[in-house]
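Student: I have a structure to go through and would like to work from single residues up to the whole chain. Can we take it question by question?

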Amino acid sequence: MSTTAGPRTNWAGNITFAAPDFYHPASVGELRTVVARARQVRVLGTGHSFNDMADSPGAQVSLAGLPPEVEVDSAASQVRVAAGLSYASLAGRLDRRGFALRNLASLPHISVAGSCATGTHGSGPLNQCLSAAVTGLELVTADGDVVELSRDDAAFPGAVVHLGALGAVTRLILEVVPSFEVSQRVYEGLPLDVLDDHFAAVMASGYSVSMFADWRAPRLTQLWIKSRADDGTPPVTEEPWFTATPAPAARNPVPGLPADNSTAQLGEPGPWFERLPHFRPEFTPSAGDELQTEYLLPAAYAVPAVHALQRAGDRIAPVLRICEIRMIAADELWLSPAFRQDSVAFHFTWRPDTAAVLPVVSLVERHLAPFGPRPHWGKIFTIPAAELADRYDRLPDFLDLARNYDPGGKFRNAYTARYLGR
Ligand SMILES: Cc1cc2nc3c(=O)[nH]c(=O)nc-3n(C[C@H](O)[C@H](O)[C@H](O)COP(=O)(O)OP(=O)(O)OC[C@H]3O[C@@H](n4cnc5c(N)ncnc54)[C@H](O)[C@@H]3O)c2cc1C
């Protein structure tokens with residue numbers, strides 16, 4: 001176990017962690033000692049969040065040095081994974097055993113625990129966020145005790161999307177499904193007014209669909225359709241589709257960037273984990289030099305929200321790299337941004353200029369306010385805590401849970417003080 005000095009930042013480099021102490025335990029036993037001794041502590045996953053949620057006024061701990069266990073229980077269709085593993089490390093091992101996860105985010109580089117802690121998601125009207133695959137978890141609580149929770153526990157739906165506020169999650173049990181193949185095709189230039197009558201149909205045209213817009217012109221820049229061969233959705237073809245044209249070569253969703261770091265397209269089938277993310281694990285995902293914001297709102301508001309963003313297009317476009325629109329099925333996890341509502345998500349990859357981006361983030365929030373947006377917990381937002389509280393009915397229950405596991409507020413930090421009031 002080591003304590004390292006020197007500045008550490010998140011992946012985007014917009015947050016320099018202030019935590020004075022950094023620990024890298026090699027076992028759960030060592031982690032228990034670190035947590036029990038620390039006055040304040042937070043776990044750092046792979047640092048892909050864009051705000052200060054992983055920072056700590058005391059110790060920060062990485063679980064990347066814990067044994068990278070992956071134990072498949074074929075009979076129960078479950079896998080037990082070490083919390084510090086990334087989806088990239090997990091996916092191949094799972095696939096070799098004949099299993100898959102139902103969905104993945106746009107990149108596989110992120111840790112399983114950090115992603116589930118924030119309600120990270122991919123796309124598909126029938127696909128829930130990644131946290132919804134969790135059937136059990138093990139965490140080290142403030143006094144160093146190990147607590148196990150499963151779907152049978154009343155607290156479980158509150159503990160899965162936990163924002164790092166309950167303890168250090170050491171293992172997760174995830175539901176798995178038989179491995180499957182996916183092919184993806186990219187279309188270009190779909191006029192935005194087609195969405196007025198066909199938004200739901202476009203989103204249902206594949207297993208996982210992403211729309212990309214730059215809000216400069218009244219059309220989607222790209223439409224990524226990921227199809228399974230075995231789920232009854234019609235195969236994507238090389239024909240024009242709703243007047244959108246199939247891209248003749250592989251694309252990167254971020255305009256101007258090369259396609260090398262994107263997963264294979266042009267309808268070529270491949271395993272789930274090499275198609276569901278947009279970005280390949282061996283490359284820097286997305287632009288690498290960026291900030292991100294995302295809001296989930298009830299799916300029924302998708303078209304009015306597209307119109308609202310179009311109206312703000314001339315303010316959004318100058319600081320935007322690209323906007324992605326996805327769908328996420330409702331779940332029962334108390335702090336999940338898709339809690340009890342089938343959702344549409346509007347994601348913004350911004351240029352890396354916090355001062356220029358923040359006023360536009362507030363502007364986007366004003367334009368989306370009529371639709372009750374819930375921000376992605378791991379991205380940049382300015383919605384005040386009181387408004388967030390109105391959007392999460394079970395927040396008081398979550399706070400009870402946090403007080404129960406962490407009565408002294410050891411896992412508290414500036415982020416939880418701001419948004420959870422503790
Ligand atoms: C290029 C890029 C693309 C992205 N694409 C998507 C996307 O497609 N969909 C989406 O929803 N999001 C996306 N995100 C956001 C990202 O998925 C989330 O921010 C996610 O939480 C990052 O996981 P992480 O392991 O880096 O967590 P971190 O940022 O390290 O931590 C997130 C939170 O989890 C806590 N935490 C982490 N591990 C543990 C643990 N073991 N125990 C207790 N608490 C823990 C931390 O304290 C912190 O509060 C993207 C981010 C980037 C940089």
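Student: Is Ser 77 buried, partly exposed or exposed?
Tutor: This is a predicted model, and the values here are computed from it. Ser 77 is found in the loop between β6 (70-73) and β7 (78-82). Buried means under 20% relative accessible area and exposed means over 50%. Ser 77 has a relative accessible area of 27%, so the class is partly exposed.

Student: What is the phi of Ser 77?
Tutor: Most residues other than glycine have a negative phi. Ser 77 is not a glycine, yet its phi is positive, at about 50 degrees.

Student: Which loop holds Leu 266, and what is its relative accessible area?
Tutor: Leu 266 also has a positive phi in a residue other than glycine, near 55 degrees. Leu 266 is found in the loop between β16 (245-246) and β17 (270-271). Leu 266 counts as partly exposed because its relative accessible area is 43%.

Student: How many residues of strand β9 are buried?
Tutor: Strand β9 covers residues 134-140 and is mostly covered. The number of its residues that are buried is seven of seven.

Student: Which residue of β11 is the bridge partner of Glu 138?
Tutor: β9 and β11 pair over six bridges, and the sense is antiparallel. For Glu 138, the bridge partner in β11 is Arg 171.

Student: Which residue of β10 is the bridge partner of Gly 136?
Tutor: β9 pairs with strand β10 (residues 146-150) in the antiparallel sense, over five bridges. For Gly 136, the bridge partner in β10 is Ser 150.

Student: Which residue in the hairpin of β9 and β10 takes a positive phi near 90 degrees?
Tutor: The hairpin has five residues between the strands. The residue with that positive phi is Gly 144.

Student: What share of the ligand's area does the protein bury?
Tutor: An oxygen atom of the ligand lies 2.5 Å from a backbone N or O atom of Val 43. A polar side-chain atom of Arg 326 is 2.7 Å from an oxygen atom of the ligand. Taken alone the ligand exposes 980 Å², and the share of this that the protein buries is 99%.

Student: Which element gives the largest share of the shell around the ligand?
Tutor: The elements that give two or more residues to this shell are β4 (41-44), α3 (112-118) and β11 (168-175). The largest share is five residues, and the element is α3.

Student: How many residues of the shell around the ligand are charged?
Tutor: In total, 38 residues surround the ligand, and the closest include Gly 45, His 48 and Ser 49. By class, 15 residues of the shell are nonpolar and 19 are polar, while the charged ones number four.

Student: What is the radius of gyration of the protein, and why does it agree with a compact globule?
Tutor: The C-alpha trace spans about 60 × 50 × 40 Å along its principal axes. A compact globule of 422 residues would have a radius of gyration near 22 Å, so there is agreement with the protein's value of 21 Å.

Student: What percentage of the 422 residues in the protein is buried?
Tutor: The secondary structure comes to eleven helices and 21 strands. Of the 422 residues, the buried ones make up 59%.

Notes
Residues numbered from 1 in each chain as written. Predicted model: local features only at pLDDT ≥ 70, side-chain atom pairs only at ≥ 80, totals over all residues. Heavy atoms only, no water. Near = heavy atom within 4 Å. Polar contact = N/O pair within 3.5 Å; in protein donor to acceptor, adjacent residues only side chain to side chain. Areas by Shrake-Rupley, 256 points an atom, 1.4 Å probe, with all protein chains shown as cover. Helix = DSSP H or I, 4+ residues; strand = E, 2+ residues; numbered from the N terminus. Nonpolar A, V, L, I, M, F, W, Y, C, P; charged D, E, K, R; others polar. Buried < 20%, exposed > 50% of the residue type's maximum accessible area, 1.4 Å probe, protein only. Pairing = 2+ DSSP bridges. Rg over C-alpha atoms; globule rule 2.2 N^0.38 Å.
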